[in-house]
Amino acid sequence: MDVNLRRLRSFVTVAEELHFTRAAARLFVAQQSLSKQIAQLEADLGTPLLQRTSRTVQLTPAGEAFLAATREALACFDQGVAEARRIGRGGQATLRVGFIVGAALELTTLILSEFTSRNPGARVELHEFGFPDPSAGLASATTDVAFIRLPSSTHGLVTTPLFTERCVVGVSTAHPLSNRERVSVQDLLDETLAIGRTDDTVWRDFWTLANQRGRSTQRLVETHSQSEEVEVVALGMACNITPAAAQRYSPHPGVRFIPIDGYPGSVVAVAHRSNPLNPLVTAFAAAAKAVRDREPQILQMIQNAPVTRGLAP
């Protein structure tokens, strides 16, 4: 069976979004063209991969199995392409660095600069990942090393913690809590919370207070991007648990950020798989650690950044 890569990538995107319109927008193709690609792929395989209704799109059991295999195959292919290009450039080493929203905040540029200065012959490829993959490509081997936020359900990761950032709750300016200086976890247990759609249940539980809710009913609004989540909060559809840096990186006139007492902070770390194939991975982790250890003032600013009810200055 000859299945082209375009159809495979299209299928993965649809599987991540579970929505043809959003998937088509991500791929910059017409929805009709995307639907045709998926239908052709299903015809080639001889089995449906997606169950469609007028309102929902869900993976079939065959689709679940094929998604896992497809992600692995694409990751291997992409790694082969990168290696071929590296050899074609005369052996220049390449490091694929993944990151999610915010990366390592004010440390990000310093760490990248430190790594490139220590490894002048290395080439860095940056890859941004959204809510569906909090591992920033490590789970699928799409990246070699990544800036991630813990906790994570991805097994076998070696992590170098950089800092712990306080968690805050984002609420609409019209919300009854918006004038509070601080809130407790108990204040939030009955609130509807916005959360990025992901299969990482450990990550999801942390950002939805799931372990604190016990048997209480949890009302969630799933979002697909940071900007969408901020708008959901501003409209009063939900609150969101988020790092304090959201006030600096995602300010919105309709959102207030309030510190949460008694809730653990969010740990930002450099992470990689336990058996890295790329020798530059350990060099990157060492560069990150060196920057962390020599920049106590930046760490203090990140970890103790004031949270105000208004916008960040």
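The following legends describe close-up views of a predicted model.

Local features are given where pLDDT is at least 70 and side-chain atom pairs count only at pLDDT 80 or more, while totals for chains, interfaces and linings use all residues. Residues are numbered from 1 along each chain as its sequence is written, and side-chain values use heavy atoms, with hydrogens and water left out.

**View 1. Helix H1 packs against helix H3**. Helices (H or I, at least four residues) and strands (E, at least two) are DSSP runs, numbered from the N terminus. H1 (residues 5–17) and H3 (residues 31–45) pack at about 110°, and their axes are 9 Å apart. H1 is thus roughly perpendicular to H3. Axes are lines fitted to C-alpha atoms, for helices over the stretch in contact, and angles run from 0 to 180 degrees between N-to-C directions; angles under 35 degrees count as roughly parallel, over 145 as roughly antiparallel, 65 to 115 as roughly perpendicular and the rest as oblique. Contact means heavy atoms within 4.5 Å. From H1, Arg 6, Arg 7, Leu 8, Ser 10, Phe 11 and Val 14 meet Ser 33, Leu 34, Gln 37, Ile 38, Gln 40, Leu 41 and Asp 44 of H3. The residues of this contact comprise six nonpolar, four polar and three charged. Ala, Val, Leu, Ile, Met, Phe, Trp, Tyr, Cys and Pro count as nonpolar, Asp, Glu, Lys and Arg as charged, and the others, Gly among them, as polar.

**View 2. Helix H2 packs against helix H3**. The axes of H2 (residues 20–27) and H3 lie 9 Å apart at an angle of about 100°, which makes H2 roughly perpendicular to H3. Phe 20, Thr 21, Ala 23, Ala 24 and Leu 27 of H2 meet Gln 31, Leu 34, Ser 35 and Ile 38 of H3. The contact has six nonpolar, three polar and no charged residues.

**View 3. Four strands form an open sheet**. The strand order is S8-S12-S7-S11, with mixed pairing. Two strands pair if DSSP finds at least two bridges between them. Strand S8 (183–184) and S11 stand at the edges with a single partner strand each, so one side of each has no neighbour in the sheet. S7 and S11 pair in the antiparallel sense over four bridges, and Val 169 stands opposite Ile 241 in S11. Helix H9 packs on the sheet, touching S7, S11 and S12, and its direction makes about 55° with that of S7.

**View 4. Helix H9 has several buried residues**. Within H9 (residues 226–234), Gln 226, Glu 229, Val 230, Val 232, Val 233 and Ala 234 are buried. Buried means under 20% relative accessible area, exposed over 50%, partly exposed in between (1.4 Å probe, protein chains only). The cover over these residues includes strands S7 (167–172), S9 (193–196), S10 (220–223), S11 (240–243) and S12 (255–261). Just after H9, Gly 236 takes a positive phi of about 80°.

**View 5. Strand S13 pairs with S5 and S6**. Because six of the eight residues of S13 (residues 266–273) are buried, the strand is largely enclosed by the rest of the structure. S5 (residues 145–150) runs antiparallel to S13 and is joined to it by six bridges, with Ile 148 opposite Ala 269. Eight bridges join S6 (residues 157–165) to S13, also antiparallel; Phe 163 has Val 268 as its bridge partner.
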